[in-house]
Amino acid sequence: RKEENAEYKDLIASDSTAKEVLGWAKNRLNKFYNPKLHKAAPKQELSAQDRVFVAQGGTPPPTAAPGGVAGTGITAFVQVSEHRADAEKESPPPPPETWDAYQKKGGESSGVLSMLDMLVADLDKEMQEMEVEEKNSQEEYEQFMEDS
């Protein structure tokens with residue numbers, strides 16, 4: 001019974017964490033696909049000492065700027081070609097023919113966001129099933145202990 005209970009607690013903890021991560025991912029996707037639904041991160045709270053300093057006319061402490069491209073720490077994507085000493089440089093050929101003009105597609109995010117919603121619903125369902133199973137197992141165990 002102890003093993004079942006430990007497994008239940010582990011599953012509930014991992015499913016809760018997974019739901020939290022999926023919620024974060026969905027919010028991040030909403031920032032791009034549906035800016036109206038995006039929830040911005042809460043503002044940084046100042047410590048008591050910093051609040052006093054700002055109230056007396058000081059400037060708030062700087063926040064750490066996100067580093068590089070998309071916060072990855074990479075500052076630039078650089079492509080270097082071989083340098084030539086030749087003075088003759090040919091102009092590149094004209095670009096090849098491509099498809100029609102670019103058109104923005106709408107509703108492309110619904111597939112990804114609905115998939116995330118389905119994953120969260122599956123996690124909720126699994127957690128609910130495990131809670132009912134745990135409750136029933138505990139009742140059976142208590143009944144067994146009373147009978148013996």
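Biologist: Where does N30 lie?
Modeller: N30 lies in helix 1. Helices (H or I, at least four residues) and strands (E, at least two) are DSSP runs, numbered from the N terminus. This is a predicted model, where local features need pLDDT of at least 70, side-chain atom pairs count only at pLDDT 80 or more, and totals for chains, interfaces and linings use all residues. Residues are numbered from 1 along each chain as its sequence is written, and side-chain values use heavy atoms, with hydrogens and water left out.

Biologist: Is N30 buried or exposed?
Modeller: N30 is buried, at a relative accessible area of 7%. Buried means under 20% relative accessible area, exposed over 50%, partly exposed in between (1.4 Å probe, protein chains only).

Biologist: What is N30 in contact with, leaving aside neighbours within four places in sequence?
Modeller: P35, L37, H38 and L113. Contact means heavy atoms within 4.5 Å.

Biologist: Which other residues of helix 1 are buried?
Modeller: Besides N30, the list holds Y8, L11, I12, D15 and L22.

Biologist: And how many helices and strands does the protein have?
Modeller: Three helices and zero strands. Along the sequence that reads α-α-α.

Biologist: New topic. Which residues make up the largest nonpolar core?
Modeller: Five residues: Y8, L11, I12, M127 and M130. Helix 1 and helix 3 (109–147) each give two or more residues to this core. The largest share, three residues, is from helix 1. A nonpolar core is a set of buried Ala, Val, Leu, Ile, Met, Phe, Trp, Tyr and Cys residues joined through side-chain atoms within 4.5 Å.

Biologist: What does Y8 touch, leaving aside neighbours within four places in sequence?
Modeller: Y8 is in contact with M130, E131 and E134.

Biologist: How many salt bridges turn up in the whole structure?
Modeller: Two. A salt bridge is a side-chain nitrogen of Lys or Arg within 4 Å of a carboxyl oxygen of Asp or Glu. One joins the side chains of K19 and D124, at 2.5 Å from N to O. K19 is in helix 1 and D124 in helix 3, 105 residues apart.

Biologist: Which residue does K26 pair with?
Modeller: D117, with the closest N and O atoms 2.5 Å apart. This pair also links distant parts of the chain: K26 sits in helix 1, D117 in helix 3, 91 residues apart.

Biologist: How exposed are K26 and D117?
Modeller: K26 is partly exposed, at 27%. D117 is partly exposed too, at 38%.
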